[in-house]
Amino acid sequence: MMTRYRMGSIFWLIVGIYVAISAYQLDLGEFSEPGPGLIFFGAAVILIIFSIIDLSGIFTGQSPKDHQESIWAGTQWKRLLLVLGALLAYSFLFDILGFILCTFLLMVFLFRAVEPTKWWVAILSSLSTLLISYGVFNLWLKVPFPSGILGF
Amino acid sequence: MDILHNLFLGFSAIFDLNILLYCFIGVFIGTLVGVLPGIGPVGAMSLLLPSTYKISPLAAVVMLAGIYYGSQYGGSTTSILVNIPGEASSVVTCLDGYQMARQGRAGPALGISAFGSFIAGTLGLVGLMMVAPPLASMALRFGPPEYFSLMCLGLTLLIYLASESSIRAIMMAAVGVILGCIGQDPETGSSRFVFGIYDLLDGIGLAPFIMGLFGISEVLLNIEKSLERRSIFQAEIKGLLPNWKDWKDSIKPIIRGSVLGFFLGVLPGGGAVISSFSSYAIEKKFSKHPEKFGKGAIEGVAGPESANNAAAEGAFVPLLTLGIPPNVVMALLLGALMIHGITPGPLLISRNPEIFWGIIASMYIGNATLLILNLPLIGLWVQVLKVPYKILFPLIILFCLIGAYSINNSIFDDIVMILFGVLGFVMRKYKYEGAPMVLAFVLGPMLEYSLRQSLRISNGSFSIFFTRPISAGAMILTVVMFISCVAPTLRRKREGIPKEETQ
């Protein structure tokens, strides 16, 4: 039976095959005049071979005992997806809303998203984090932040 | 006399208020991340890497190096007081350190750990000063085949020492090479695996890659389960100065740990973690009372804590003399130096003596600062331990986001970091290690360059790697180690098939 532990190797096997084909198309060159695809091809072949070796554990039934249970058992998906969603939203809204507003909203969200925190604690923590990060990165290290549509 | 003269040069380079400040910031942050179990030195260094772009190269490396060896000091505090290692290299300190704390001897445990670290750090520096210059002059004779073989050896050693599956470590090293070489081909100019994305022409950035793989993925791993509250050792910590008997029991383990740690640190792929475990095993063997180990033996704290600090300094030898990073942390330092246009290698000592000797001098200052930070200020670190993770993780995320953005003032780096954060998280769930991937990522372009050059020199013959003595030695070692880590797995699989069939 295929254990979930081995499933990752299927992914890497597909990646290896894709890279090997693309590297071949890039031009492998000759051994005396290596082309730009050679290193990719070599690494991809290694990846394919060892993915297959790892996958062969499916047929021999070998899998570490502690990996037999579901890898995702007990995972709090809601938390994970909320945080990842917030990170992606931050990246896409950063230039539009500007550093100050976008960072403040992200911080309030993160302080409250994973474990309930009082509103005033979340807002105060977010404000102080914002001030410190703005001071360190913008005023001290001169990192230019976008001001966004609101102008700040 | 030359060494003293050069050391003087190093001290004169760092006796600048700015550099001393960065040294202090480095060791302070190092102790902090060592104390905090949620973030390690690699995460912290990658987080701060972008902020070093605007300071001098010496200040940048002094600060980043400070984070590394500072974290080795701080890691022991959580091991002793909470029984949770702040760093992987402090895992073994939990065994006796926490037991000492339970017996009311938290003070001497913390004290000997700090003093041992200081002595080992100083001895490690002496070793670095002695070994690095002759090795660098020898390395001047190295050509592309030697570099290629040595890098293969470094990667194989890391695979050999992988804590999870060696097969998977090899896979991750291959992925690291692929990712590291993405971008424009330096020789032909053709774009490779950029998928029409202009930002990828220069390759994937080191900082967003590592921040994602170690910083963001660590946060995701921590928040996916209920956030546990740590129970901290409550009794008052007093008597930090070890007594005469403690010193008598500890001095030999400290010296043995320092020598062992330094040499294990020099080896590519070796490092603080292995040296601390090896030191513990050796001390148990040398001890007249091995039964006391695990029940609060001070030797079990002194030896490993000294070893991991000496290893942290030994690791600078291959980086500064050969330009080959032996571990992920050194790979980050290599990246930091190269961003400033300084190429570590055999010519570093002659071309940039102020950088080489400045780093060494800064470690003396850093080690002394760490002693002050870790003994009188222990109360502060205990307070830091009480900061709940729900407050900590938004700060880590924000610093990662701003850090990645500040490299090119581009949100693209943030997106790359988030993607590698998710990849790192899934990799950890499926037990794929990130360290071989990162080392291969950094070594990838150098590997490619030296492979192509070597093949051109030999007109396409791979025998060039086996006909030059240093390259041949490294290659033979690589092949032997590669076989020894792959063969047992293959044998087990072969034996598994008939067993399966009979069932």
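A residue is counted as buried if 20 or more other C-beta atoms lie within 10 Å of its own, and by that criterion buried residues make up 31% of the 152 residues in chain A. The legends below describe a predicted model.

**View 1. Helical make-up and domain division of chain A.** The secondary structure of chain A consists of six helices and zero strands, so that, followed from the N terminus, its elements read α-α-α-α-α-α. Chain A is divided into domain 1, covering residues 4–67, and domain 2, covering residues 77–140, and the centres of these two domains of chain A, taken over C-alpha atoms, are separated by 39 Å. Among the contacts in chain A with a separation of 6 or more, 59% are accounted for by residues 24 or more positions apart.

**View 2. The side of chain A that touches chain B.** In this interface, 58 residues of chain A are in contact with 53 residues of chain B. At least two residues of the side of chain A that touches chain B are supplied by each of α1 (4–26), α2 (38–55), α3 (57–60), α4 (77–97), α5 (99–113) and α6 (119–140) of chain A. Sorted by class, that side of chain A comprises 32 nonpolar, 19 polar and seven charged residues.

**View 3. Packing of helices α4 and α14 in chain B.** Helix α4 (residues 57–82) of chain B packs against helix α14 (residues 328–339) of chain B at an angle of about 170°, and their axes are 10 Å apart. Because angles over 145 degrees count as roughly antiparallel, α4(B) and α14(B) are described as roughly antiparallel to each other. On the α4(B) side the contact involves B:P57, B:A60, B:V61, B:L64, B:A65 and B:Y68, which meet B:V329, B:L332, B:L333, B:A336 and B:L337 in α14(B). The residues of this contact between α4(B) and α14(B) divide into eleven nonpolar, no polar and no charged.

**View 4. The largest nonpolar core and the surroundings of B:L333.** The largest nonpolar core holds 202 residues, of which B:V61, B:V62, B:L64, B:L332 and B:L333 touch the most other members. This core also draws at least three residues from each of domain 1 (4–67) and domain 2 (77–140) of chain A.

How values were computed:
Residues are numbered from 1 along each chain as its sequence is written. Chains are lettered from A and ligands numbered from 1 in the order in which they are written. This is a predicted model: local features need pLDDT of at least 70, side-chain atom pairs count only at pLDDT 80 or more; totals for chains, interfaces and linings use all residues. Axes are lines fitted to C-alpha atoms, for helices over the stretch in contact, and angles run from 0 to 180 degrees between N-to-C directions. Helices (H or I, at least four residues) and strands (E, at least two) are DSSP runs, numbered from the N terminus. Angles under 35 degrees count as roughly parallel, over 145 as roughly antiparallel, 65 to 115 as roughly perpendicular and the rest as oblique. Two residues are in contact if their C-beta atoms, placed from the backbone, lie within 7 Å. Ala, Val, Leu, Ile, Met, Phe, Trp, Tyr, Cys and Pro count as nonpolar, Asp, Glu, Lys and Arg as charged, and the others, Gly among them, as polar. Domain bounds come from an automatic or database domain assignment. A nonpolar core is a set of buried Ala, Val, Leu, Ile, Met, Phe, Trp, Tyr and Cys residues joined through C-beta atoms within 7 Å. A residue is buried if 20 or more other C-beta atoms lie within 10 Å of its own, exposed if 12 or fewer, and partly exposed in between; C-beta atoms are placed from the backbone.
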